[in-house]
Amino acid sequence: MTTAPQSKASLVRDHMAAGRWAEAVRLAASFPRLDKHREAILDARTAYTNPRWLAQVGMDPEAAKEAGHAALRERFA
């Protein structure tokens with residue numbers, strides 16, 4: 001029995017549905033075309049991987065994560 005491979009977008013949706021936001025952001029950040037959501041998703045990725053650096057440049061890492069989550073919901077929901 002073989003199953004059809006999942007698209008990356010469907011994997012992002014699965015991570016979001018399961019509450020695995022770090023994984024959803026990580027995967028979505030690798031997409032080449034994110035349009036108007038690009039900055040929020042990449043900032044969220046940085047918030048997960050290097051929150052101290054984001055704080056040093058004057059951004060709130062938790063706010064960046066929430067903005068990234070909102071961008072993912074708008075883009076992929």
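In helix α1 (residues 8–17), the buried residues are S10, V12, H15 and M16, where buried means under 20% relative accessible area, exposed over 50% and partly exposed in between, with a 1.4 Å probe and protein chains only. The structure is a predicted model, in which local features need pLDDT of at least 70 and side-chain atom pairs count only at pLDDT 80 or more, while totals for chains, interfaces and linings use all residues. Residues are numbered from 1 along each chain as its sequence is written, and side-chain values use heavy atoms, with hydrogens and water left out. Helices here are DSSP runs of H or I with at least four residues, and strands are runs of E with at least two, numbered from the N terminus.

The buried residues of α1 pack against α2 (21–29) and α5. Turning to the pair α1 and α2, the two axes cross at roughly 160° and come within 7 Å; axes are lines fitted to C-alpha atoms, for helices over the stretch in contact, and angles run from 0 to 180 degrees between N-to-C directions. That makes α1 roughly antiparallel to α2, given that angles over 145 degrees count as roughly antiparallel, under 35 as roughly parallel, 65 to 115 as roughly perpendicular and the rest as oblique. The crossing of α1 past α2 is left-handed, that is, the near helix is turned anticlockwise from the far one by less than a right angle, and clockwise for a right-handed one. On the α1 side, K8, L11, V12, H15 and M16 meet W21, E23, A24, L27 and A28 of α2, contact meaning heavy atoms within 4.5 Å. Sorted by class, this contact of α1 with α2 has 7 nonpolar, 1 polar and 2 charged residues; Ala, Val, Leu, Ile, Met, Phe, Trp, Tyr, Cys and Pro count as nonpolar, Asp, Glu, Lys and Arg as charged, and the others, Gly among them, as polar. Just after α1, G19 adopts a positive phi of about 80°.

A second pairing joins helix α3 (residues 38–49) to helix α5 (residues 61–76), which pack at an angle of about 135° with axes 8 Å apart. That makes α3 oblique to α5, and their crossing is left-handed. From α3, A40, I41, D43, A44, A47 and Y48 meet P61, A64, K65, A67, G68, H69, A71 and L72 of α5. By class, this contact of α3 with α5 has 10 nonpolar, 2 polar and 2 charged residues.

Neighbours within four places in sequence aside, K65 is in contact with A44, A47 and Y48.
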